Amino acid sequence: NIVFAKQKTFERRVLIEEFTTEYCSFCPQAAEGIASFLSSYPALADKVALICHHAGYYTDWLTINASKSYTWFYNASYTFAPAFMYDRFAWNGTSPAESRQSTAAGYKNRVEERLNVIPRAVIEVKAYFNADKSRINVTAMCERNEELGGLPMYLTLFLTEDNITAQAQSGASGTFVHQHVLRDVNMTWGSLLSWEDNKAT
């Protein structure tokens with residue numbers, strides 16, 4: 001008889017990263033599509049984390065160095081915005097950064113495709129302010145299944161901010177407000193995790 005070991009499985013989440021700047025005249029349409037996706041498909045939205053990198057089409061006052069480094073994912077001689085990455089998966093086999101139709105259905109299709117991929121690890125994050133609210137303390141508890149045992153893994157923590165009034169957003173009429181803006185990161189390419197019994201904190 002052959003005995004198969006049952007691998008531990010986890011609930012999947014999808015990371016959407018958008019490249020956008022205030023110089024990008026098509027980015028307000030993309031932002032509208034994302035907002036429509038989140039409101040139209042709440043069950044899917046609950047399984048999504050969103051981050052906006054202010055890079056890709058020039059830079060602006062919200063750009064941080066990490067976001068400029070992530071333009072490496074374009075894997076091309078040029079960059080553009082809006083561009084999107086889903087779990088940093090390379091759909092065309094060369095680059096995860098892609099230009100997509102800025103509609104709720106477009107985001108929905110990509111998210112559903114990524115949700116079909118079986119996750120091999122899980123991260124639970126807890127964040128809280130210190131007494132005078134001058135610092136956010138974050139604890140990330142990670143667990144992986146045996147299939148990933150022995151592989152080096154890196155953890156990147158993103159701090160984002162919502163509801164930032166734009167200074168001069170191209171392509172927008174009236175007041176434009178930025179959402180999901182990357183404000184800080186622990187390390188651009190992540191910190192190496194130390195595992196014990198397939199768990200790391």
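Ala, Val, Leu, Ile, Met, Phe, Trp, Tyr, Cys and Pro count as nonpolar here, Asp, Glu, Lys and Arg as charged, and the others, Gly among them, as polar. Keep these classes in mind for the views below, which come from a predicted model.

**View 1. The second largest pocket has a lining of 17 residues.** By class, 10 of them are nonpolar, six are polar and one is charged. Look for A31, C52, F176, V177 and Q179, which lie nearest the pocket's centre. Helix α1 gives the largest share of this lining, with six residues, and strand β9 (177–178) also supplies at least two. The space inside comes to about 200 Å³.

**View 2. The largest pocket has a volume of about 1900 Å³.** Its lining counts 44 residues, and L15, I123, L155, T156 and F158 are the ones nearest the centre. Sorted by class, the lining holds 28 nonpolar, five polar and 11 charged residues. Several strands contribute at least two residues each, among them β1, β2, β4 (121–129) and β5 (136–144).

**View 3. Thirteen residues make up the largest nonpolar core.** Within this core, I16, F37, V48, F84, Y86, Y107 and V111 have the most contacts. Strands β1 (14–19), β2 (48–53) and β3 (83–86) and helices α1 (27–40) and α4 (104–115) each bring at least two residues to the core.

Note on methods
Residues numbered from 1 in each chain as written. Predicted model: local features only at pLDDT ≥ 70, side-chain atom pairs only at ≥ 80, totals over all residues. Heavy atoms only, no water. Core = buried A, V, L, I, M, F, W, Y, C linked by side-chain atoms within 4.5 Å. Buried < 20%, exposed > 50% of the residue type's maximum accessible area, 1.4 Å probe, protein only. Helix = DSSP H or I, 4+ residues; strand = E, 2+ residues; numbered from the N terminus. 1 Å grid on protein atoms, 1.4 Å probe; cavity = no way out; pocket = protein on both sides within 12 Å on 5 of 7 lines; lining within 4 Å. Points joined across faces, edges and corners; volume = space filled by probe spheres on them.
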